[in-house]
Amino acid sequence: MSEGQSRRAVEKPSAILYQWDAISLITCAKFQLEGRLILDYVLDVARIVITREVHQETVEAGFAGGYPDAVMIKERIDAGRIEVHTVTQMSARFEEVLDLYGLQEGDKAVVRLALTAADVTATVTDDRLLYIVLHRCGHQALFLPDFIERAVAENLCDATTGQQLLLAIRPRLQRGFVEHSLGRLEGVI
Amino acid sequence: MAVRVETVLDDRIAQYVNRVKAQHHATEAAVVQELVEAGYAEVVRQLHARYQRGELSFRAVAAELGLSVRELYDLFEKMGLPT
């Protein structure tokens, strides 16, 4: 992202709000591009909200385990750059359905926030089952590479930076995901 | 945290342990530990495959292994398995 683009994104008070799931958040708080956290590139172009459960999984458990990415996430929460929301259970019938999928408490909290927070545009997750459940609930789910592609498509990030971000996160993603996005950014797919 | 366990091995496994022990001049405990670790790695790989197919969520895999989400992320990374 160029200096100008970063400033433009920061100045934009109405930046779109995305919910972030734990795995994608850890990846973004762990990997860097040119000495800068991927998470900061993300925060240049979007607002992030996480559930209380994701906070526990990434920050509290991360601190307990001595993982530096937990510190990175906490600093950005403390600075007000990442919001943490508490969600309540939905109808008993719906909760039963979530149980039938085998979803855990943290998964269910992500679904609840996605479906109850009107200002959350989409949820970024690399969890296939959660992606499917969110999609089936009519909520937009994005894999992390899709989020980067979207930032490029919306001119919030230039294509070269988008490609570099994809390459930076490639070690943690299943083969094919990053290559697919790179192909689309290059306009060859 | 390491845990000491006493167990009875099946005949075939005992024969294998004795053969490897003699071949590599290793202790019985070391051979059994290696077997247990290989079994654990296989369990993790199988759960990872189910996660990748969308049969289990990442958190369900973590719960199955008795790990936190952050610990599982670390384990997958160490084993070269994508998240």
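Predicted model: local features only at pLDDT ≥ 70, side-chain atom pairs only at ≥ 80, totals over all residues.

Mentor: Happy to! A compact globule of 189 residues would have a radius of gyration near 16 Å, and chain A agrees because its own value is 16 Å. Taken along the principal axes, the C-alpha atoms of chain A fill a box of roughly 50 × 40 × 30 Å. Of the 189 residues in chain A, 44% are buried. If you consider the contacts in chain A between residues at least 6 apart in sequence, 64% of them join residues at least 24 apart.

Now for the helices themselves. Two packed helices are described by the angle between their axes and the distance between the axes. Take helix 4 (residues 52-65) of chain A and helix 7 (residues 105-116) of chain A: they pack at an angle of about 135°, and their axes are 8 Å apart. Helix 4 and helix 7 of chain A are therefore oblique to each other. On the helix 4 side of chain A, the contact is made by Glu53(A), Val54(A) and Glu57(A), while helix 7 of chain A brings Glu105(A), Gly106(A) and Ala109(A). By class, the residues of this contact between helix 4 and helix 7 of chain A divide into 2 nonpolar, 1 polar and 3 charged.

The axes of helix 2 of chain A and helix 5 (residues 68-78) of chain A cross at roughly 95° and come within 9 Å. That is why helix 2 and helix 5 of chain A are described as roughly perpendicular to each other. From helix 2 of chain A, Leu25(A), Ile26(A), Ala29(A) and Lys30(A) meet Asp69(A), Met72(A) and Ile73(A) of helix 5 of chain A. The contact of helix 2 with helix 5 of chain A has 5 nonpolar residues, no polar ones and 2 charged ones.

Gly183(A) is 114 residues from Asp69(A) in sequence, and their C-alpha atoms are 29 Å apart in space. Gly183(A) lies in helix 11 (residues 177-185) of chain A. Gly183(A) counts as exposed because it has 11 C-beta neighbours inside 10 Å, where the cut-off for exposed is 12 or fewer. Leaving out residues up to four places away in sequence, Gly183(A) touches Val188(A) and Ile189(A).

Finally, a look across at chain B. Helix 2 (residues 28-52) of chain B has 25 residues and should span 36 Å at 1.5 Å a residue, which agrees with its end C-alpha atoms being 36 Å apart. Val32(B), Leu47(B), His48(B) and Tyr51(B) are buried in helix 2 of chain B. Their cover includes helix 1 (11-24), helix 3 (58-65) and helix 4 (69-78) of chain B. Just after helix 2 of chain B, Gly54(B) takes a positive phi of about 80°.

Terms used. Residues numbered from 1 in each chain as written. Chains lettered and ligands numbered in written order. Helix = DSSP H or I, 4+ residues; strand = E, 2+ residues; numbered from the N terminus. Expected span 1.5 Å × (residues − 1). Buried ≥ 20, exposed ≤ 12 C-beta atoms within 10 Å, placed from the backbone. Contact = placed C-beta atoms within 7 Å. Axes fitted to C-alpha atoms, helices over the stretch in contact; angles between N-to-C directions. Parallel < 35°, antiparallel > 145°, perpendicular 65-115°, else oblique. Nonpolar A, V, L, I, M, F, W, Y, C, P; charged D, E, K, R; others polar. Rg over C-alpha atoms; globule rule 2.2 N^0.38 Å.
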